[in-house]
Structures are given as structure tokens and as C-alpha cells.
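I opened the notebook to look up a few things in this structure, one entry per topic. Here is what I wrote down.

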Amino acid sequence: MDVLPNNSSCLSCLQLYHACSFKRCCFFFLVVLLAMAMAVGIAILIILFVLKPQLPGFSLQTMSLESYKLEVFSASTLFISSVISLTLKAQNPNKVGLSFSPSRLDILHQGLPLGEMHVHGFYLPAQSYNVLVKTQVLFPCVNASQIISEVSRERLIQMRLIGDIGAHVQVFHITLPKIKVFLDCNINVDYEELTFNDELFAMAVAEHAKAPFPANFQTFSKNCSVTFLI
């Protein structure tokens, strides 16, 4: 008659043991996660305070109009779609290498989508000052009549470039975990200074021709901010 109470006691002990084991596993897992977070935080602090990182710099090197298409609606509204290739010169003054993933940035005008910029993945070696980066800007359908009306009142065309960019920091041939930054640039284009080469007009008869823009890059000004995303 004493068998059943003994079995019940053993079963209760086993359940209590398994419950304690599960709590210990959860506690151990939590400790491991906290240790990993502390290790990553210490690594970031070392990079910030010892290496003193700086933001890489970019300047416009070359720009060419790859293709365009004009469409007229209602006999007064002109729409243009175009593809523009940009070559940027990148500078990395840091003591560590930086690699960037391919990204797509949105171009806004008065808060509305105007086009997008496609940036190929690229790598900036430590303390490099002459790395060329290829990008492509797509304007699928732009109301050229509206923009011309605006620049007739103001000489500046104001645009905004925003988007997420993935990056890796390379220290002593070790690639650190990927970080993501949010880029926000205000870009002003001086329309009166923006003149086209005669080759631009030749594209009317040569569909796949390329028209280089003039090398007066003081026409463009930018003000960018970077936010690190978690």
C-alpha cells in the first residue's frame, strides 16, 4: 500500500528537477547573450576611442546621360525618363578598411519619389583617397514641365537622397559584424550653371549614345547626415 505514495514523491521530484534544469539553461543562455553583447560593445568602444573613425568622403568625378525618353501629354506637359551614370571618388581616412554592400537609395523632390540611385558593392582600403565607385541613377517618369516652372522662379533644384546602407569594418584582416547606417542627403543643383554638351542633342538621332555632362561640379552642393541603425 506504500508503493503509490513513493511513486508520487519520485514523480514530483523529477518534475521539480526538470523545472530547475530548464531555469538553469535559460539563465546560462541569458548570461552567454549578455557576455556576447558586452564583447561587441567593448569592441565598438575600442574602435571609437582608439581608432577614432571618420566618415568616408565622396565627390562627383564623372557623369554621363546613358539614355532618355521624352513624352508630351495634353500638348503642354512634358515627361522625361532617363538613366544617368555617375562615377564617385571615395576617400577613407580611417586606419581600417570599409566594405559596403550593394544598396538602393531613394531620390525625393518636395517629399515625393522622383527616382532612385543604385550603388554597387565596393571596398575602401584603409587610408585610401582615390577609389572610384560606379553608381547609376534612374528617373522613370519626371514631370519636366513642373521642374522647369520651378527653376524659372528659383535657380536651385532641391532634392533629397535617403536610404539604408550595409557596411562591414575590417580590422587586421578580420571582418566585424555588419552594421547598417541610414543616409540622408539634401542636394541642391544650380540650374543656371548646369549646361549640357552638344553630344546631348545628338542622342535624338542616336538612341544608345552617351552624353557626358560638363565637369563643372560646383553646380552641385550637398549636406549629408548619417544615423547608425540597430
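**Entry 1: aromatic rings.** I started at phenylalanine 122, which is buried at a relative accessible area of 15%. Keep in mind that I am reading a predicted model here. Phenylalanine 122 has a ring partner in phenylalanine 100: I found the two centres 4.8 Å apart and the planes at 25°, so I noted the pair as stacked. Phenylalanine 100 sits in strand E3 (residues 97–100) and phenylalanine 122 in strand E6, so this pair ties together parts that lie 22 residues apart in sequence. I checked phenylalanine 100 too, and it is buried, with a relative accessible area of 14%. Ring pairs also bring in Phe58, which forms a cluster with Phe100 and Phe122.

The structure holds three aromatic pairs. One of them joins phenylalanine 73 and phenylalanine 79 in an edge-to-face arrangement, with 5.5 Å from centre to centre and 80° between the planes.

**Entry 2: the disulfide.** How many disulfides are there? I counted one. Cysteine 185 and cysteine 224 are joined, with 1.9 Å from S to S. The torsion about their S-S bond is about 115°, so I wrote the disulfide down as right-handed. The bond links distant parts of the chain: cysteine 185 is in strand E10 (residues 179–190) and cysteine 224 in strand E12 (residues 220–229), 39 residues apart. Are these cysteines buried or exposed? Cysteine 185 is buried at 4% relative accessibility, while cysteine 224 is partly exposed at 37%.

**Entry 3: aspartate 184.** I stayed in strand E10 and looked at aspartate 184. Its relative accessible area is 15%, and because the cut-off for buried is under 20%, aspartate 184 counts as buried. Which side chain makes a polar contact with aspartate 184? I found arginine 160, at 2.7 Å. Leaving out residues up to four places away in sequence, I listed what aspartate 184 touches: Arg160, Leu161, Ile162, Asn223, Cys224 and Ser225.

**Entry 4: strands around E7.** Next I followed strand E7 (residues 128–143), which is joined to strand E2 (residues 77–92) by 12 bridges, the two running antiparallel. In this pairing I noted isoleucine 80 opposite valine 142 in E7. Strand E5 (residues 112–119) also runs antiparallel to E7, joined by four bridges. Here valine 119 has threonine 135 in E7 as its bridge partner.

**Entry 5: positive phi values.** Last, I looked up two glutamines in loops. Glutamine 110 is not a glycine, yet I found a positive phi of about 55°. Glutamine 110 lies in the loop between strand E4 (103–109) and E5, and is exposed, with a relative accessible area of 59%. Where is glutamine 127? I found glutamine 127 in the loop between strand E6 (122–124) and E7. Its phi is also positive, near 50°. Glutamine 127 counts as partly exposed, at 49% relative accessibility.

Notes. Residues are numbered from 1 along each chain as its sequence is written. This is a predicted model: local features need pLDDT of at least 70, side-chain atom pairs count only at pLDDT 80 or more; totals for chains, interfaces and linings use all residues. Side-chain values use heavy atoms; hydrogens and water are left out. Two strands pair if DSSP finds at least two bridges between them. Buried means under 20% relative accessible area, exposed over 50%, partly exposed in between (1.4 Å probe, protein chains only). A disulfide is a pair of cysteine sulfur atoms within 2.5 Å. A polar contact is a pair of N or O atoms within 3.5 Å; within protein, one must be able to donate a hydrogen and the other to accept it, and residues adjacent in sequence count only if both atoms are side-chain atoms. Contact means heavy atoms within 4.5 Å. Rings of Phe, Tyr and Trp (its six-membered ring) pair if their centres lie within 6.5 Å; planes under 30 degrees apart count as stacked, over 60 as edge-to-face and the rest as tilted.
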